[in-house]
Structure formats: structure tokens, C-alpha cells
Amino acid sequence: MKNRIIGMAAAACLLTVSASAQDVLDKIAKESCGCATQLDTTLNEEERNMQLGLCMLQSAMPYQKELKKKHGIDLNNIDKDGEKFGQLLGMRLAVQCPEFVALMARMSEEEEVAEEVAAAAPVLPTSTMEGALSTVKSAQFLTLVIRKEDGSSVELLFLDHADGVDQVLRKPDQGRGTTG
């Protein structure tokens, strides 16, 4: 009987220690919830994870000593302890912040749909030509006039966005004579 009482007391001590160890993570999760539910949904997954990590770190800073003592997580050595911190806090965030879980599920679903659409999009054919840039015209559409080696010229109209067009429009003579 005496051993049973000692065993029950030991179990109660373990539960108390476990509950208090979880307490700091629960506090951080609750504080992280507001920031986590305000994540920019237009960011890609890596950028969103970075933003979430910053939310979690900001919420955890006041509990640095407690985290190190109870979980061995050193926020000053986040390169080493960051993954463990993220896993522990991520589980608590899921429990403490159901809005966050719903947001992450919705964004994950949107990413999957976007990937399916991108995979189903037709691949447009491309072609190349040799010649020298002779004129850049800026009207309703950007037009590049290419003079080919045989003396003929070809006008290329950009009907859609092209990277670097703003640079061409600022200095239309910059590429003149360039061959390629």
C-alpha cells in the first residue's frame, strides 16, 4: 500500500512537471496565434514559413530562459534548435489556434489548385532568330525591329508582359546594334 501511494505521488509530480513544461509552449502558442492568422496569403510556402517563424520567435523571446531550461531550446542558437522549437510550438499552435489550422489548410489547398492549373497550362512554342536590334518602338505595344543578316527586318510585338521591358523603355537606344 505504501509503495502504491509513493507511486501515485511520483506520477502526480510527473504530471505537474509535464503540465508546467507545456505551459510555456501554450503561452507562446496563444501569443503567436494572432500573428499567425494574419499571415500574408499571397506569399509562397517558403516566405510564409519564414513569416510564421518570425511570429513564433517574437512571441517566444520573453520566455527564452524558460524554454532553454525546460526544453533545451536556445533561441540564440536558432540554427541548431529551430527545427525542434518549430515542431513543439507547431503542435501547440494547432491545438491553441484552430483559425491558424483552417488558414493553413485553405492555403495548402489553393497551392495545390494553382499547381494543377500550372501543370495543365499549354507550353507555348518558342523560336529564335539571328539579327541586330535596330529600333525600339513604344506605342500601345512594345515593338522591337530586328535587322537580319540578309538585310530583311522583322518586327516583334510584345502583347503581354515581358521581364525587363521597363529598362528598355527608359533607354530605347541602349540595345541598338546588339546582335544575338
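Helices (H or I, at least four residues) and strands (E, at least two) are DSSP runs, numbered from the N terminus. By that count the chain holds six helices and three strands. The model is predicted: local features need pLDDT of at least 70, side-chain atom pairs count only at pLDDT 80 or more, and totals for chains, interfaces and linings use all residues. Residues are numbered from 1 along each chain as its sequence is written, and side-chain values use heavy atoms, with hydrogens and water left out.

**Overall layout**

- From the N terminus, the elements run α-α-α-α-α-β-β-β-α.
- Buried residues make up 23% of the 180 residues in the chain. Buried means under 20% relative accessible area, exposed over 50%, and partly exposed in between (1.4 Å probe, protein chains only).
- Contact means heavy atoms within 4.5 Å. Among contacts between residues at least 6 apart in sequence, 50% join residues at least 24 apart.

**Nonpolar cores**

- A nonpolar core is a set of buried Ala, Val, Leu, Ile, Met, Phe, Trp, Tyr and Cys residues joined through side-chain atoms within 4.5 Å.
- The largest core has 21 residues. Ile28, Leu52, Leu67, Phe85, Leu89, Leu93 and Phe100 touch the most other members.
- Two or more residues of this core come from each of α1 (2-36), α2 (45-60), α4 and α5 (98-120).
- Helix α1 gives the largest share, six residues.
- A second, separate core has five residues, including Leu133, Leu142, Leu144 and Ile146.

**Helix α4**

- Helix α4 covers residues 78-96, and Asp81 lies in it.
- The helix has 19 residues, yet its end C-alpha atoms are only 23 Å apart. A straight helix would reach 27 Å at 1.5 Å a residue. The expected span is 1.5 Å times one less than the number of residues.
- Helix α4 bends by about 25° at Lys84. The bend at a residue is the angle between axes fitted to the seven residues ending there and the seven starting there.
- Its buried residues are Asp81, Gly82, Phe85, Leu89, Arg92 and Leu93.
- An α-helix has 3.6 residues a turn, so residues three or four places apart point the same way.
- Phe85 is in contact with Met56, Leu57, Ala60, Leu67, Ile73, Leu75 and Ile78, leaving aside neighbours within four places in sequence.

- Ile73 lies in the loop between α3 (64-71) and α4.
- Ile73 counts as buried because its relative accessibility is 0%.
- Not counting residues up to four places away in sequence, Ile73 touches Gln64, Leu67, Lys68, Asp81, Lys84, Phe85 and Leu88.
- Ile73 and Lys84 are eleven residues apart in sequence and 7.6 Å apart in space, C-alpha to C-alpha.
- Asp81 has 7% relative accessibility, so Asp81 counts as buried too.
- Leaving aside neighbours within four places in sequence, Asp81 is in contact with Gly72, Ile73 and Asp74.

**The three-stranded sheet**

- The strands form an open sheet in the order β1-β2-β3, with antiparallel pairing. Two strands pair if DSSP finds at least two bridges between them.
- The edge strands are β1 (132-138) and β3 (153-158), each pairing on one side only.
- Neighbouring strands are turned by 20° against each other on average, direction ignored. Axes are lines fitted to C-alpha atoms, for helices over the stretch in contact, and angles run from 0 to 180 degrees between N-to-C directions.
- Strand β2 is mostly covered, with five of its six residues buried.
- In a regular strand the side chains alternate between the two faces of the sheet.

**Strand pairs and turns**

- β1 and β2 pair in the antiparallel sense over six bridges. They form a hairpin with three residues between them.
- Ser138 stands opposite Leu142 in β2. In β3, the bridge partner of Leu142 is Phe158.
- β2 (residues 142-147) and β3 also pair in the antiparallel sense over six bridges.
- Thr143 has Leu157 as its bridge partner in β3, and Arg147 stands opposite Ser153 in β3.
- The β2-β3 hairpin has five residues between its strands. Gly151 in the turn has a positive phi of about 95°.
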